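Hi,

Here is the structure I promised to pass on. My notes follow just below.

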Amino acid sequence: MLKINNLHASVEDKAILRGINLDIKPGEVHAIMGPNGSGKSTLASVVAGKEDYEVNEGEILLDGENIDELGAEERAHKGVFLSFQYPVEIPGVSVTNFIKTAINETRKAKGLEDMPANEMLKLIREKSQMLEIDRKFLSRSLNEGFSGGEKKRNEIFQMAMLEPKLAILDETDSGLDIDALRIVANGVNKLKSKDNAVVVITHYQRLLDYIVPDHVHVLMNGKIVKSGGAELAHELEAKGYDWIKEEVNA
Amino acid sequence: MSKYTEDDLREELKTKEYEYGFYTDIESETFPNGLNEDIVRAISKKKEEPEWMTEWRLEAFRIWQDMTEPDWPNVNYEKPDFQAISYYSAPNSKPKYDSLDEVDPELLATFEKLGISLDEQKKLAGVAMDVVVDSVSVATTFKKTLAEKGIIFMSISEAIQEHPELVKKYLGTVVPQKDNFYAALNSAVFSDGSFCYIPKGVKCPMELSTYFRINQAGTGQFERTLVVADEGSYVSYLEGCTAPSRDENQLHAAVVELIALEDAEIKYSTVQNWYPGNSEGKGGVYNFVTKRGLCETNAKISWTQVETGSAVTWKYPSCVLKGDNAVGEFYSIAVTNNFQQADTGTKMIHLGKNTKSTIISKGISAGKSQNSYRGLVQISPRAENARNFSQCDSLLMGNECGAHTFPYIEAKNKSAQIEHEATTSKIGEDQIFYCNQRGIDTEKAIALIVNGFSKEVLNKLPMEFAVEAQKLLEISLEGSVG
């Protein structure tokens, strides 16, 4: 589904990604781990199409199509979803209004009519229940005054509403207490199917107890230096990253 | 809101140029350029006004001659040459129509282009329209329905003929001739405008609406509006305007006077969309307006404005809270783009006891524009327990525009409670990217953010107007980022 070949990317001439290779197939969950500053969030942003980053080399293929030249909204229309580490506030725009706009803009891009209001309401009710979101929450301004946990839950709510093909969760576990973590993880698990894929970016193994990855990759200095199964995450949790550094340097 | 779909919006957004930039060829009768006592007399004569009116105009003209144009607003423009302007222009035949069928089809086509087909408006919105094209009213609708309630809604010229006692009693009582340079000019040469009187205890059953339009090259537009709400009455008044695009600057100096007698309430909403000049800052309307309302005991006046047009705007809808417990409100969205300049705000003059005022101002600046809020909250010595709340928010787009806030507070009574809040924010690339990532393109993202920012004010507008205003905001800011 997502294939990344030898991806090099930089911001303001500073190289951050230095040759990433990834092959993610439908139905799979991949975890990307690594120390601070290794390029995890950059990778997420580059795949999502953030303009600040320049792709210097390599390619990003979504279902075989090179998406390098596509704008962020076009990638979103093709089913790329990024759950932000720091979701932004949009004062005066309610959660409901925002998600309604997002869904209808995506439908429009596909040549579909707006989703009928009753269908939209039904979907909102269903997904907010799944994520144990209070109805009152939906009429609040997007992310304004939200707690860290509310912000993340709202990201997953949007993911549930948009039903992306490829979901990238950037540090979704940060700022979540254990209950919220479980709710969010359950939500993600319910949304998983054989047709979509999830990339979980995280520091800690904690989230991976709930969202069990098929593959774990360790990112260091802009490169994937080690890949393995779910057990690799446990090993990292127990031993930290230093042993991998040594392994790489050796 | 149901009438307006996102497809409509998309269509709107495709239009890069000022979309109402067309010119209607209605044969006009236009006075020669220049201003002197003879011209003032001629205007009055043309309108078959009584002697007292002519004298009132002449008095204003004499005052005006000794005044100088104010230069304290935070705007720069070439001062108009007042002798190069024609002060009267009227559609050449002005029969009064009973039905729209009799109206000049070309005029109707103009309205159609503006999307304000009278027919449709009549049916859909229950809005009675006093339509002002250039300076003279051409069509007045719903007059009969209103008349049954004793409501008078007509052009001010007609009112001077038919209800001289009311006009004489109230004209200039809130904005006197000598009030300021442009008010004096308007008092001398006002061509037409609207008059509205709501009798005691009557709640006006529909929104009263006027569409203004500047139509003749080089013709100044001097509208005069007088709204009187008698004791215990209520009226909601809508004013909206568009103008054809033109190269030379057009001067507009209107005066609006509102009088809310005891226990009365007036809601006055404006959507202003005059030609702002092109993207290089050429052309555009100069809008120098004096709007003020007087509140007697327990009365309330609420100004809501959405200002998107004009090259230069100078406008401070104000409330004089004369009676005890009077309430004044000002809700404003002012958008400036390209080279537009706006200096706008309000004055809340607290004279009575327990008077309350609220000011919510939202300024949006884009391009190379300058947007200033200027407001005065004045508490007089005898205004016990007066309260004011002011909130001024500015939203900036890009790095070349400016937002300025000039709040003046004068409190001469210790019991006054005055609160002022102000914020300045910028539409961030992070916000745009966030929207993009959810499938919302940049244009739509800006619209969403701006509407969110303006929501508190948009919510104050009557539904039909809110839809129009929302579209205008989006059109005005089209192409301003990216």
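A question to begin with: does B:Asn298 count as buried or exposed? B:Asn298 counts as buried, because it has 20 C-beta neighbours inside 10 Å (buried means 20 or more other C-beta atoms within 10 Å of a residue's own, exposed 12 or fewer, partly exposed in between, with C-beta atoms placed from the backbone).

Before going on, please note that this is a predicted model, in which local features need pLDDT of at least 70, side-chain atom pairs count only at pLDDT 80 or more, and totals for chains, interfaces and linings use all residues. Residues are numbered from 1 along each chain as its sequence is written, while chains are lettered from A and ligands numbered from 1 in the order in which they are written.

B:Asn298 sits in the loop between strands S13 (285-295) and S14 (300-307) of chain B (strands are DSSP runs of E, at least two residues, and helices runs of H or I, at least four, numbered from the N terminus). Its phi is near 60 degrees, a positive value in a residue other than glycine. Most residues other than glycine have a negative phi.

A:Asp63 also has a positive phi, near 50 degrees. A:Asp63 belongs to the loop between strands S4 (54-62) and S5 (65-66) of chain A, and counts as partly exposed because it has 13 C-beta neighbours inside 10 Å.

As for chain A as a whole, it has eight helices and twelve strands, and 43% of its 250 residues count as buried.

Finally, 17 residues of chain B are in contact with 23 residues of chain A (contact means C-beta atoms, placed from the backbone, within 7 Å). Helices H10 (429-437) and H11 (442-458) of chain B are the elements giving two or more residues to chain B's side.

Best wishes

Terms used:
Two residues are in contact if their C-beta atoms, placed from the backbone, lie within 7 Å.
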